[in-house]
Every structure is written in structure tokens, then in C-alpha cells.
Number of protein chains: 2
Amino acid sequence: MGDDPLTDPAGSIGFIGLGTMGGPMAGHLLAAGHRVVVWNRSPGRMQPLLDAGAEPGASPADVAARCRVVMVCVSDTPDVTEVIAGPSGILEGSTAGSVIVDHSTISPVETRRLAGLVAAAGGVMLDAPVSGGSEGARRATLSVMLGGEPDDVAAVRPLIEAYATTITHVGPIGSGQLAKIVNQVLVVVNQLAVSEALLFAEAAGLDLERTIEAVGGGTASSWMLLNRGPQMIRRDWRPGFTIDLQQKDLRLALEAADAMGVPIPATALVYQLYRTLQTRGLGSEGNHALVKALEALAGIEIGPV
Amino acid sequence: MGDDPLTDPAGSIGFIGLGTMGGPMAGHLLAAGHRVVVWNRSPGRMQPLLDAGAEPGASPADVAARCRVVMVCVSDTPDVTEVIAGPSGILEGSTAGSVIVDHSTISPVETRRLAGLVAAAGGVMLDAPVSGGSEGARRATLSVMLGGEPDDVAAVRPLIEAYATTITHVGPIGSGQLAKIVNQVLVVVNQLAVSEALLFAEAAGLDLERTIEAVGGGTASSWMLLNRGPQMIRRDWRPGFTIDLQQKDLRLALEAADAMGVPIPATALVYQLYRTLQTRGLGSEGNHALVKALEALAGIEIGPV
């Protein structure tokens, strides 16, 4: 194990998964003065970080052997399982005292199973999904929802501050993932609200920009309305977060809600509407393209201004 | 016709409908130095305004005969029809040049019909529904969505500033009502988002206050989450806006969407859920009591902290 970033700010931190989110996050750790050992399944994604001063890891096991703290930021539940418990995974390289911080958004149930494996190996796992999208990762303004024991959360908090402005400890292991689901339920149902509202306004002949201005300052306001509303009016479907990734998160939401017997009918509706957009080949568009599902029903389109 | 508030700030303004909204609004006109002639169907509601210096009107016709500008703020479509076109209504007292400003939330179709009657009598009608609830009325921080001709809107804007901080001209007559529907679609679907999210969080064993803190600063944020979320956790169902009034507005939304062939499925779902709460005798609770419908399905309750 290398030097200790929990006691030495210049100590090595492992970072596994250098995509749209993980790449900038690892970059912010470097910029904060940490030594960072990186690994990515597609090696090409490692180069920008190596150019910025990171060291290359040979595998997740190698990263874990060299770093006490290892951040993980990959796409889906099987990816985290593979990186932690698969061949040449973190568990093959970690030693007692390892701290695994999983920034991926994955199943809370699998999170708890993996945390058990890590604990059996003498380490600690925290679930720490993020929100704020690619903009938040670039600007180091992410929100992180942490699940785990208070002492462990307190230990990693200074490291996470390199890329997050809001870091909230929501409960024991798995709670971060559950809070992230809460976040996604709000995001997509707020987006459905904006989609219904703007399509109604379009059909009614209203000036859409003026309408957002008229209703955006009061009880109808939401981040989605103020930020994605104007983008929708311009028919700019570039993603802050893609439909494909959103749909993956909603699958986690519906699985968890199903297991608990909790009704989330609007979330389920959005899941189905997004599915129609994926089938139409629109999965790589932003999640605000939800309105296209309602447009298809109505036979009209909002904007462009 | 009395002196002219459009050219003289101390001129008389008529105000018809002195309920939870109209009472404070008329009071702000008085406080701004206007002379105000008031009328209310239940005469008892006039007394606080008379005590504050308003003059009593004998009927809507009497108010209209004495004031060039008449504000109307009553509950539902038939009330506005009665006040404008009924016996002893505004049309019986108004003269050419009258300006009727309707702050009620009513049918856009009936709004246009009534505006036609007013125009035939030589006057002008503007639709000017408000949002911001009873708090906004008390604090003079309402948002007003105005429909009408630009010159007429410009003329009444200084009067409306007595009780509104956001005054947006959204289009021709009827557009104010349509924008208000857009507002209500956003309000109730955002509320559904908060209800699904908090019930999920409760079932998942999360600390609800921490969860709102964790997700409330980013893409999941909304006025409903930040303002009604904490109130819901305390199980404080006092209304900013009652289920009964919200349901009336949603009926207007569904009628208009139906006429235009616009799909607003989440809004329709909320309409039906509110209906179950009305049937259970909860119509006088705040619209954030929507969560009780989902709680009934799940057999669990959120909070109290």
C-alpha cells in the first residue's frame, strides 16, 4: 500500500473509471495536489489524466495494492461488481484498511453485498453516488450522497471536496444509492411536469419564453424548468445526462420501489415514455428530450423560437 | 364614472371579491394611496376594507359606474360570469372606456366570451390570474399573468404593482388563464414528484430532512421540494392553497387539454388522486397533502420527524 491520503494530502488515491464523470473528478484530485493512480477499462481514456500527472494502474487490483483509498466511478451495477469482485478486481489487491468509495449509481442491494465482501477482506466500502451531471463534474460542483459509517465518511470527506460542493451523509451503507434514487425520481417527474406544461403552452399558442418567465419565479419553479426549459424551446437535445443513463437509474428506482411496495406511478410512466424514445434511437439525447414522447402523442412540437 | 386611476394615482379603483386573495390585494391598493370602492357577495368580508378606508359599493354595477378600472377576484368561472354579466353586474354599470381586470382563475374560453361582451359595451377586459397563494397576497409578492392588448396591459401595470412583484404579459385575452394552467400543471406534477420521492425515502429508511438537504441543491430541486417538503415531513397540512381550489384549477387544465388534444397524463393522475382525498373529506387541506393518496396505497406514512 502506498502513502496515505487520509493523513497526507499528497498521498496516492486510486481512481477507477475515467468517463464523462470520473475523468474530470480524477483531474480535480490531481489539481488539489493529490497523487492519483488511475485505471480505465478502455485504456485510451487514461491518457489525458496521465498527461496531467496521474500514474497508470495495471488493473483495479494493482490500483488497490498501491492506494489505501480507491474511488470508483463506472456506469452500472455489473461494472462495479466486476471492478471490485471480478478477476484482477479491487479485492485481489486491497489490504486491511482499504477504503473503497463508489461514486457509481447502482443497485442498493448489490452495494450492500459488495460492502460485505470488502468488510470480510478487512476494508470499508462507502456508497457515494453523485448528482450534478457532466457540468458539475467539470466545475467541481457535484453533490455527493454518502452512505456508510460516520467515521469513514468524515475521513474521506476532505478528498471528495476536490470535486463536490455538497456532501451529505444520509445513512448507513446503501443509503447513498437510495438517496440518489430519490434524486432521480424528482428529476424525471419534474421533467415530465416541464414537458406537459410546455406542450400545453405550445398548443395554447402562448409565447413559451414569456410563459417560463411568468411562472418560473414562484411555486411552479424547478431547476428543470429554469435550466432545461429554455433548452427545450430551442430544441437543443444535447445531454447533460442521457436518456440511456437516466433509464438505467429509473430501472434501479422501479426495482427498489417494487421490492418495498412503494407506489411511484409518475416515475413508472416516465420510464415507459423514455423506453419509447430509446426504441426510436434517441437514447443518446438529453433526458429533457422526454417531451418528444408527448409530442408524438399530440402530433405537434414545441418551439423552436 | 369617477376620477381616473390610470391618470391619477389617487383615482378610484373598484375591487370585487374580497376573499383570501382579493382582501389583501384590495388592502395593498389602499395602502398605495388609491381610493378603492369594494364589493363582496358576503357583505361581512367588506368590513375590514371599509375600516381601512375603502368605500362600499352597492353591487358590481354600482362599483363599475363609479370606477373606470374594476378588479375582479372571485373563485370560479360561474362567479366571474355572474359578477360581469349577471343581474346588477359590471356590464349594467360600466360605461365606454371601462377596464375590467379579472384576477380569478377561470376558463379561458369563458374569459374570451366575457371579453367580447365587455368590448361590445365599449370597455376592455384583461385576464390576470395570479400565483403565489395567500402568502403572496399578504406580502404583495404575487405573480400576475396578463392576457390582453399591449396598451391596456401597460395602462394597468402600475396599479397591479401594488400587490405583485412579477407581472408578465403573455399574449392576447385568454392567455393569462392559459399561462395559469401551465403554472398549475407544473405545481401539481412537481408536488407528485415530491410525494413519490419522500414516500420512497421513508420506505427506504432514509432520514428525510437529510435527504432533502442532499438533493435539494441540484437538478432535482423545486419550489415544492424546498418549501412544502419540510412541511410534509412535519405532517403540517395547513394550506397555502387548498386541494379543493387546486382541483378546480386542474379541471380547467383537463378541459383545455381535452379541447386541444394535448396529453398531460401526470396532471390527470394528480387530478384523480386529489379526487380520492376530497372524497375522504380532506379537500380543505393544503395541496401538498397529495402524498396522503400515495400513503394510502403503500400503507405507510412519511414523518413526522
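About 1000 Å³ of space lies in the second largest pocket of this structure, which is a predicted model. Its lining takes in 47 residues. Those nearest the pocket centre are A:Met21, A:Cys73, A:Val74, A:Ser75 and A:Leu245. By class, the lining holds 15 nonpolar, 23 polar and nine charged residues.

Which elements give two or more residues to this lining? They are helix 4 (77-85), strand 7 (130-131), helix 7 (133-139), helix 9, helix 11 (223-233) and helix 12 (243-260), each of chain A. Helix 9 and helix 12 of chain A return below, each with a packing partner.

**An enclosed space**

Rolling a probe the size of a water molecule over the atoms shows where empty space is left. One cavity of 30 Å³ or more is counted here. The largest cavity has a volume of about 30 Å³.

**Helix pairs**

Two packed helices are described by the angle between their axes and the distance between the axes.

| Helix pair | Angle between axes | Axis distance |
|---|---|---|
| Helix 9 (residues 175-203) and helix 14 (residues 291-298) of chain A | roughly 40 degrees | within 9 Å |
| Helix 12 and helix 13 (residues 265-279) of chain A | about 145 degrees | 10 Å |
| Helix 12 (residues 243-260) and helix 13 (residues 265-279) of chain B | about 145 degrees | 10 Å |

Take helix 9 and helix 14 of chain A. Their axes come within 9 Å, and the crossing is right-handed. Helix 9 of chain A brings A:Leu192, A:Ser195, A:Glu196 and A:Leu199 to the contact. Helix 14 of chain A answers with A:Val291, A:Leu294, A:Glu295 and A:Ala298. The residues of this contact divide into five nonpolar, one polar and two charged.

Next come helix 12 and helix 13 of chain A. Helix 12 of chain A passes helix 13 of chain A in a left-handed crossing. On the helix 12 side stand A:Ile243, A:Asp244, A:Gln246, A:Gln247, A:Leu250, A:Arg251 and A:Leu254. They meet A:Thr267, A:Ala268, A:Val270, A:Tyr271, A:Tyr274, A:Arg275, A:Leu277 and A:Gln278 of helix 13 of chain A. This contact has eight nonpolar, four polar and three charged residues.

What is the handedness of the crossing of helix 12 and helix 13 in chain B? The crossing is left-handed. Among the contact residues are B:Leu250 and B:Leu254 of helix 12 of chain B, and B:Tyr271 and B:Tyr274 of helix 13 of chain B. Eight nonpolar, four polar and three charged residues make up this chain B contact.

**Where the chains meet**

How many residues of chain A are in contact with chain B? There are 57, and they touch 57 residues of chain B. About 4800 Å² is buried between chain A and chain B. Carbon and sulfur atoms give 73% of that area. In chain A, the most area is lost to chain B by A:Glu196, A:Phe200 and A:Thr219. Together they give 16% of what that side buries. A:Glu196 also takes part in the contact of helix 9 with helix 14 of chain A.

**Two backbone exceptions**

Most residues other than glycine have a negative phi. A:Arg235 has a positive phi, near 55 degrees. A:Arg235 sits in the loop between helix 11 and helix 12 of chain A. B:Ser88 is not a glycine either, and its phi is positive at about 55 degrees. B:Ser88 lies in the loop between helix 4 (77-85) and helix 5 (90-93) of chain B.

How values were computed
Residues are numbered from 1 along each chain as its sequence is written. Chains are lettered from A and ligands numbered from 1 in the order in which they are written. This is a predicted model: local features need pLDDT of at least 70, side-chain atom pairs count only at pLDDT 80 or more; totals for chains, interfaces and linings use all residues. Side-chain values use heavy atoms; hydrogens and water are left out. On a 1 Å grid over the protein atoms alone, a cavity is a set of points where a 1.4 Å probe fits but cannot get out, and a pocket is an open set with protein on both sides within 12 Å along at least five of seven lines; lining residues have an atom within 4 Å of a point. Grid points are joined across faces, edges and corners, and a volume is the space filled by probe spheres set on the points. Axes are lines fitted to C-alpha atoms, for helices over the stretch in contact, and angles run from 0 to 180 degrees between N-to-C directions. Helices (H or I, at least four residues) and strands (E, at least two) are DSSP runs, numbered from the N terminus. A crossing is left-handed if the near helix is turned anticlockwise from the far one by less than a right angle, and right-handed if clockwise. Contact means heavy atoms within 4.5 Å. Ala, Val, Leu, Ile, Met, Phe, Trp, Tyr, Cys and Pro count as nonpolar, Asp, Glu, Lys and Arg as charged, and the others, Gly among them, as polar. Buried area is the accessible area (1.4 Å probe) that two parts lose on being put together, summed over both.
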